[in-house]
Amino acid sequence: NNCKSASLVTSSMCAAQLSGMNHKYTRRESDIPTYLLDSLSDEVTLRTSCRRCNQGKRLYRTADGSCNNVRDPSMGQSLGSFQRLMPAQYGDGVCTPKTLGVNCGLLPTAREVSKAIHPALSVNAENTVMLMQWGEFMDHDMTGAAINQPHVNRGCCNHVDVQRGLPHPDIATCNGECFPIIIPKDDPYFNINCIEMVRSRAIQNISYLNSSNPREQQNLLTSYIDASNVYGTNEEHTKKLRAENGRMATSAGNLLPIGRDQDCILGPSVPHCFATGDERAHAYPPLTGLHTIFVRLHNIIVAELDENTNWGGNRLFQETRKIIGAILQKTTYFDWLPYILSPKTLKKNGLRRGEHKYDINVNARIASEFATAAYRMGHSLIPDFVKYGDEKILSRNLFNNPKTVFENLTLLMEGVINQPALARDRFITEEITDHLFETKNGSFDLVSFNINRGRDHAIATYNQMREYCGLRKLTSFYDKEVGNAGVELAKIYDHVDDIELFPGGMSEPNLKNSLLGETFNCILGEQFRCLKFGDAFWHETRDKRRGFSSCQRLALKRFSFAKILCDTLNFNEVQPDPFSLPNDSNNRVKPCSEYDKLNLSPWYDSEESEED
Ligand code: HEM
Ligand SMILES: [Ca+2]
């Protein structure tokens, strides 16, 4: 029965690992459809890397995240699989995208959901654009789904019979990799009938073709918060980004090193695109800015350590990488998450400072429900424009365009910490629902991508996730749980059980002292718990050789994000909390000289660790 979703995989986040999930290939290569060979060879790499773990004796993280968990060395490794909180909902139970609702009717197209539930309504937040930008920067440390073969990219729309509203024929087959978005005839903006989209790549479970293992997607990144966005996700990648004597490579103007020209828009004042640890670094100039800031900080720290030690380049690099990773963890958990999650969620999941104990049984993979829906909540914060001195530049003119980074990074980042983000609600700016990646050849809708990506990964519905979270399931579209979205939800969905996770979760009113409703509080809370307690290199670990001494911990604690901006940009002054607008009471702008420097002396003395 095509309409019935199979309940095949059950796993609860953080529960015992899905044992052997990455190691079960019995079929010969010749049995495997060619489109899957790519994924297979990745998996072979994963398996061989398990032999190098050295039983947890490593001092530093591996570049690809392997061996963090010595019992399951591919846990959280780049090119490993996502996990699921609830069983997959594929159309055929194993691999075709979800297209039908509980009553077997077609779901509304992703674009219909986007325009009905997520129209634009710009209300300013009390937080700055930096709150949004940090969220995306960290997303690019944790999650990046591998997309299917580029050669099917563009061209997916060619076979859609739009006149008759028929989807691409691939959608009904297991080895079809197209999943384009049909645009309704009365669309308020697009006058095309289809937006290109290819499916996320399938990992492993080659056996799903004739067994009960549903298709699983692949995370290109290390799930751990380990600054893989700065250093890359495998050793070759890291090597390309490094320079001599422990430093990171840079280019003219102390900017990021030169990358591939096709990665950004090359305008008159954009001489080249950048190379970074994550290939999406050009998505938005303030994001490129954060990448630049952390490469600069790396080099500042290396210079001081070099001056005061006789460490070789490798140790200088690794010790500094460890510090940068710790800074990303502490800024995310102790400065950023307290705005996003409620005090109760933080407490329940042990997300506050000082609460840590490594647990080898924790599953630190990223959940598909987190990557394709819940953590995309940040898209609601994206502003209509960014202030750049006296100018206001519309977001549509900023995507993939690093011009302002070349011109005046300090001016750009000044706008980012002085300008409000948009409120976290279900309303989303047309800059990303109509004008994403706009060029003369057209544009995209990010919200449609979110919805379609959820169907591609066949994640559980909103009501199923509420159940997972121990929350009451909706029985009516007009239930208070979805705020004021009832009328719109009822217009496009047949049944409350068809409401998808992104629109449902985004519609919930925010909990007190949180920017999310109860369902996304639950999903983010759990994911951030797993990434903390499942990380053997968590920066608060008391493991002497991997962690920091108490003096080092104190130095890290005193070194603020505000001071980082001071050290890496031409700022004279900044508010103590760059995630909040400056004011005259608790977030009063102070001169840079009043913030604590990162005191590196506790590192000079430390002779505990040795060259890796
Ligand atoms: C200017 C800002 C941003 C732009 C242009 C942008 C753009 C995109 C695009 C194009 C995708 C891929 C969509 C798909 O094909 O499925 C994506 C995915 C995603 N975005 Fe954003 N985004 C932005 C900000 C954010 C923020 C602030 C957050 C969270 C706080 C966020 C979280 C995510 C997540 C979790 C994914 C899925 C990544 C993966 O697993 O592949 N994004 N975004
Ligand atoms: Ca990572």
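Ala, Val, Leu, Ile, Met, Phe, Trp, Tyr, Cys and Pro count as nonpolar here, Asp, Glu, Lys and Arg as charged, and the others, Gly among them, as polar. What you're looking at is a predicted model. Its protein chain runs to 612 residues, and 53% of them count as buried.

**The chain overall**
- The protein chain holds 19 helices and 13 strands.
- Take the contacts in the chain with a separation of 6 or more: 73% of them come from residues 24 or more positions apart.

**Around ligand 1**
- Ligand 1 has 20 residues around it, and the closest are Gly135, Glu136, Tyr284, Gly378 and Arg453.
- Helix H3 (129-142) and helix H12 (446-456) are the elements that give two or more residues to this shell.
- H3 gives the most, with four residues.
- Sort the shell by type and you get 11 nonpolar, five polar and four charged residues.

**Helix H6**
- H6 covers residues 285-308, which makes 24 residues.
- From first C-alpha to last, H6 reaches 35 Å, close to the 34 Å expected at 1.5 Å a residue.
- 17 of the 24 residues of H6 are buried, so the rest of the structure largely encloses this helix.

- Strands of a sheet pair through backbone hydrogen bonds, either parallel or antiparallel.
- Here three strands line up as E1-E6-E5 in an open sheet, with antiparallel pairing.
- Strand E1 (80-81) and strand E5 (202-203) are the edge strands, so named because each pairs on one side only.
- E1 pairs with strand E6 (residues 216-219) over two bridges.
- Ser81 has Gln218 in E6 as its bridge partner.

Conventions: Residues numbered from 1 in each chain as written. Chains lettered and ligands numbered in written order. Predicted model: local features only at pLDDT ≥ 70, side-chain atom pairs only at ≥ 80, totals over all residues. Expected span 1.5 Å × (residues − 1). Buried ≥ 20, exposed ≤ 12 C-beta atoms within 10 Å, placed from the backbone. Contact = placed C-beta atoms within 7 Å. Near = placed C-beta within 6 Å.
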